[in-house]
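Dear colleague,

I am handing over a structure for you to look through, and below it you will find some notes on what turned up. Please read them with the model open beside you.

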Amino acid sequence: MWIRERRRSAAVVTAGAVLALAGCGGTQPAPGADDGRLVVVTSTNVWASVVREVGGGAVDVQPLISNPVVNPHAYESSPEDAAKVAEADLVVFNGGGYDEFVEKILGAGPRGKPTVEAAAFAHEPARPAVEPKSAEDRGHSHDHSINEHFWYDFRSVDAVADQVAAELSKLEPAKAPEFTANAARFRAGVGQLDDQAHRIATARQGAKVVATEPVAFYLIEESGLSDITPDSFVDAVEVGNDPPAAAVAEIQDALDARQVTALLFNPQTESAVTVGLRVRAERARIPVVTVTETLPAGQSYLRWMSSQVAALGNAEGLA
């Protein structure tokens, strides 16, 4: 369930290109509204929603990825993205190797840009890291000790909200009390999500599930469930390869024998194999819980996450 090298098709923006974009601000339109609001650029709409909760009407939040069908792992950054990052007052991103396109843009631009990186607040993994198996894997810069989907880790989300409030307060000191109060209200909502997960853990501790991709690792962990997805299956999915036939057969057997209580399915990384597992689970009358990497259109973080935790609870018979 740990970070492996992802399918990498993100375009690398050169230092010269980014600096040129940053330096021609007088001829390029500013990315934000010219109304005095702080411009915050985020890697995905998930972190955009968190920033909006904290910043309220004082911020103009611009996610680089907002299309709910886009797979962030394969996202290609553009010169427009680089321009937005260069002109932003604050940049909020995931880190941990998940949205490296943002890190590359930041690295190519001037130093000192205020940033909040969720990876800085990740908690320790529940089990040891898996060492990279190949020389190619060892050459990558990912932190292999943690799962990178930090927005499913409620402790990390709480910490990000607080840090966003702190950074916005530095930029707009007069509104610091507002940012702090907004962050506190948001954390209360996240606390309710945590309570939902703990109710699952209390009722269904150790219940077995399988997942087509480890996006919801932290939610599974917090809910006290046991993910029995074979490591070899996860390894293959994480690097964009076809899973070994033996691993697929192991999951198929578990589904056919109804040895698991739910299949967690990520439609943003689906393949013929994962769709086949979903169909097999449905035939076996095993609940399929959809978990995604980005927000569905028109939803907030709290509403989206609450619906996913509720769906997991329903799958565990807690409706």
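**A glutamate in a loop, and a pair of helices**

Glu293 lies in the loop that runs between strand 8 (288–290) and helix 12 (301–315), where helices (H or I, at least four residues) and strands (E, at least two) are DSSP runs numbered from the N terminus. This is a predicted model, in which local features need pLDDT of at least 70 and side-chain atom pairs count only at pLDDT 80 or more, while totals for chains, interfaces and linings use all residues. Residues are numbered from 1 along each chain as its sequence is written, and side-chain values use heavy atoms, with hydrogens and water left out.

Glu293 has a relative accessible area of 0% and is therefore buried (under 20%; exposed is over 50% and partly exposed in between, with a 1.4 Å probe and protein chains only). Its side chain makes polar contacts with the side chains of Tyr98 (2.8 Å) and Asn266 (3.1 Å), a polar contact being a pair of N or O atoms within 3.5 Å, of which, within protein, one must be able to donate a hydrogen and the other to accept it, and residues adjacent in sequence count only if both atoms are side-chain atoms.

Arg278, in helix 11, counts as partly exposed at 25% relative accessibility. Leaving aside residues up to four places away in sequence, Arg278 touches Leu263, Phe265, Glu270 and Val288, where contact means heavy atoms within 4.5 Å.
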